[in-house]
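Here's a protein to explore together.

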Amino acid sequence: MLVVLWAACSQAFSQATVVQYLSGTDKDHTVQWDFYCTTGSKSGKWDKIAVPSNWELQGFGTYNYYRDDVNPDEQGLYKHAFQVPAAGKNKRVFIVFEASMTDTEVKVNGQLAGPVHQGGFYRFKYEITSLLKPAGTDNLLEVKVSKRSANASINQAERKADFWQFGGIFRPVYLEVVPATYIDRVALNAQADGSLSVDVYAVNAANQTLKAEVQELSGKRVGPGFSAKTSSGQEKTTLRQQFKGIKPWNPEAPKLYNLIVSLADAKGVVHRIKQRFGFRTMELRPQDGLYVNGQKIYFKGVCRHSEWPESGRTLSKQLSLLDVGLMKEMNMNAVRMSHYPPDQHFLDVCDSLGLFVLDELTGWQAKYDTLVGRKLVKELVVRDVNHPSIVLWDNGNEGGFNFGLDGDYALYDPQKRPVIHPWERFNGTDTKHYPDYNYVQNSVLYGKEIFFPTEFMHGLFDGGHGAGLEDFWNLMRRHPYFGGGFLWALHDEAVVRTDQNGKLDAAGDQAPDGILGPHREKEASFYTIKELWSPVVIDKKFLAPGFDGRLEVENRYLYTNLNQCSFAWRLVSFPTPNGTTTAPKNNATGTAQPPALAPGTKGTLALKLPSNWHQSDALYLTAYGPDKRELFTWTMPIRYPQDIDKQFVAKSAAPAIEAAEQVVSLLVKADGVSYYFDKSTGYLQKVVNAKGEISLSGGPVQAGVHHSLQKFRHYAAGDSHVVEADYGGPSEFHVKWLFAAGKPAKLEYQYSQKGDADFMGITFNYPEEKITGMKWLGRGPYRVWKNRLKGQQFGVWHKDYNNSITGETWQYPEFKGYHADLYWVVVENKESPFTVYSDDQSIFLQMLKPARPAGARTDNTVPAFPDGNLGFLTAIAPIGTKFQAAALMGPQSQKNFMLNYTPIKGSLWFDFR
């Protein structure tokens, strides 16, 4: 297979670098090479393998997470025949490996191309001009890749780390064909004030002319050209120019330009390259903050592994677009490369779509030695130096810091971007990993460093990320030297186990850490983050009768005036429980004029609603950024739960209520429905309607409290019949059922509760195996925790039953759990669907109990649930993170208690008809 690409714009062959791929270009475009694996699956024989790839995902070798415990000396041997096209005289040919893990020996036609490359995540290349056969003749490429390095520090830094340990040539391999005199690379320093200096590394270019010009991406020239002469023996030549009227790059307006650099002798241009870049200034001001283009910024970021379930670390630009698009959808403005430099196309997308990037040298709790570390720092910076999105260099991670390398980054980076040590107080920064709420509080009070944890809110299963984030973020923003933070991590690191019949494996509780599933399935925290990190902030939760159309709005953009945004609203009515759709009906729509608010200021957004706005059920308000991308949609109920019509409430004549005491039960018949109560407990035992028995039982019980029945009675009250139960124990609990002709059964309850509680409310039991789904009016479609209420929308939702376990089965949204702001729910089942209405605001529906993840080794992310499995609660449990119990995560993550010990009253309507 011969793939030739031009590395510059439409220039003659003699002027441009020609790129010829020997492998494929990404996970979806591969080339078959001969392959031999020394140990593990499919080992001991020559076969074929897709390149690029990780060989485990191709069915070879051995899977390892964290360290190479099994078959640590596993190697892969590659062979591939290729030809080089006739390229003219005096051409030089280089073979380039974008990345290969870990030690890589390269031979061409039986001869070593150069020293064995060590380090698994870095671009390296060899000149092979003298090793090649004439054009039209086959050349033999032989590559030996060893998972383990001969260098002990590389094994400690890369192969003993908290991520999957793969092997193979996992990024593309290609040839670069250049003239004998050529430009090897450029390093740019393009500042926000329009100043541009370009370090040009030209080879064999004594006394020749370098010319440069800046262009719009459309090709239109910007400003004057500029040039300089090369000198003999000089490694680099620096070109400088000052530009007027340029637009600086920032993540809210990621303006890019092209730089065209040509090298000419007396006969004309001999080589030309094109480099995309942006004008951008980065400063770290001690005891102040991080500044980009003179504006103080903070990171709303996430840590990202380069991984896809079916292809390991072999990715594609389409996946880079997907991941960056999802980050932007969550209103993030930053991403940290953990724990190695990503594919080039990922950085290209960060440049073009707009994300701040922290680029990282590998080293997880162990460091490279200085000799190999210096080579890898150079490879990292030389490859990535011209990306405006990169604002900081990470010299290792969590103790994997070789202090002797800190100064090396500036050797290759004319911008002199700051170097940090993620997890450490270093260079004027505090990037503490996984601080608890108390640490953040103390940092706000006493910290002297710029505070931005490079890992926090460590996700695990359904915990972390959005859970607790509101408290942390509000407190962090009070830090005098606030710099933001990075959530851990973007997606679950689950991979397809070719040795286990295609099972998706997230290594127990070690890798299901994502806001997204392995195929980028959205978990509930995705939407919480989207709301909390929206640059437009509106906190109105309910539109009370006196609402005048004005909403307080805050602009949390860094660079964008709010008048560049747009707003659209709609008033809606929701379908009834027995409706055939969940879609709301639009009663009125409109737009709102955005106020002119500078970043960091507050003002008022005025909505011109019709006079009958209060007759609708809810207001939907959507904010759009300057790029017309939705920032967030807020849904605000207008009607109270008690004002929602109860279906089939009729005043027409209905059969009289009957009540009869049996040996152990009380039977009440109303509207053709029979209700059975246990006289010894006062609990509902079952319900029977025209279709048969409905197995709702065991309640109501006060959730988490054990009572004994003190009094049970029933009596007629006009046209109604009343059943009452009083309970004694650690608190008072009173239950009252009312049965009236032509109406659903009404339950009124009252309870008090002393001390802390994981949850409060009432519960029933219903057999899980009989439940098939639910439809409800409330917040959805995802479940909530006490410390993760943001992000869900008010409306009518439907879910079929599933037993999904977050981070293990990846079917979202999960069916089981707590659901917020319940107005009504239809419990769909194999017996007869029934509907429950609430008369009270802020009721949580408890639908069953989520199963405990099989890989859970702590209870941090396994919140408490009542004994009953169908609950109507006024308070629910929070959830923790991988490393922290909920109690350490701030106010919203504490247990619940009753305010002033005022008894809680509630009422529900049960319709079994």
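This is a predicted model: local features need pLDDT of at least 70, side-chain atom pairs count only at pLDDT 80 or more; totals for chains, interfaces and linings use all residues.

Pro700 sits in strand E49, which runs over residues 697-702. Thr102 belongs to the loop between strand E8 (100-101) and strand E9 (103-108).

Why point these out? Most peptide bonds are trans, and most residues other than glycine have a negative phi. On the phi side, have a look at Gln365, which isn't a glycine but has a positive phi of about 65°. You'll find Gln365 in the loop between strand E28 (356-364) and helix H4 (370-384), and it counts as partly exposed at 46% relative accessibility. Phe461 isn't a glycine either, and its phi is positive too, at about 55°. Phe461 is in the loop between E33 and H7, but it is buried, with a relative accessible area of 2%.

Now follow the chain into helix H7, residues 469-476. Seven of its eight residues are buried, so the helix is largely enclosed by the rest of the structure. Among those buried residues are Leu469, Phe472 and Trp473, along with the charged-type names Glu470 and Asp471. What do the buried residues of H7 pack against? Their partners are strands E26 (299-304), E33 (450-451) and E34 (484-487), plus helices H6 (437-446) and H8 (524-532).

Next, the nonpolar core. In soluble globular proteins, nonpolar side chains tend to be buried together. Here the largest nonpolar core has 100 residues, and Phe299 and Leu487 have the most contacts inside it. Leaving aside residues up to four places away in sequence, Leu487 touches a whole list of residues, including Val302, Met332, Phe456, Leu469 and Trp533. Apart from this core lies another one, of 48 residues, with Leu666, Val668, Met760 and Val836 among them.

Finally, zoom out. The protein chain has eight helices and 62 strands. Its radius of gyration is 32 Å, close to the 29 Å that the globule rule gives for 913 residues, so the chain is as compact as a globular protein of that length. The C-alpha trace spans about 110 × 65 × 50 Å along its principal axes. Of the 913 residues, 60% count as buried. And if you take the contacts with a separation of 6 or more, 67% of them involve residues 24 or more positions apart.

Notes. Residues are numbered from 1 along each chain as its sequence is written. Side-chain values use heavy atoms; hydrogens and water are left out. Helices (H or I, at least four residues) and strands (E, at least two) are DSSP runs, numbered from the N terminus. The radius of gyration is taken over C-alpha atoms; the globule rule is 2.2 Å times the number of residues to the power 0.38. Buried means under 20% relative accessible area, exposed over 50%, partly exposed in between (1.4 Å probe, protein chains only). Contact means heavy atoms within 4.5 Å. A nonpolar core is a set of buried Ala, Val, Leu, Ile, Met, Phe, Trp, Tyr and Cys residues joined through side-chain atoms within 4.5 Å.
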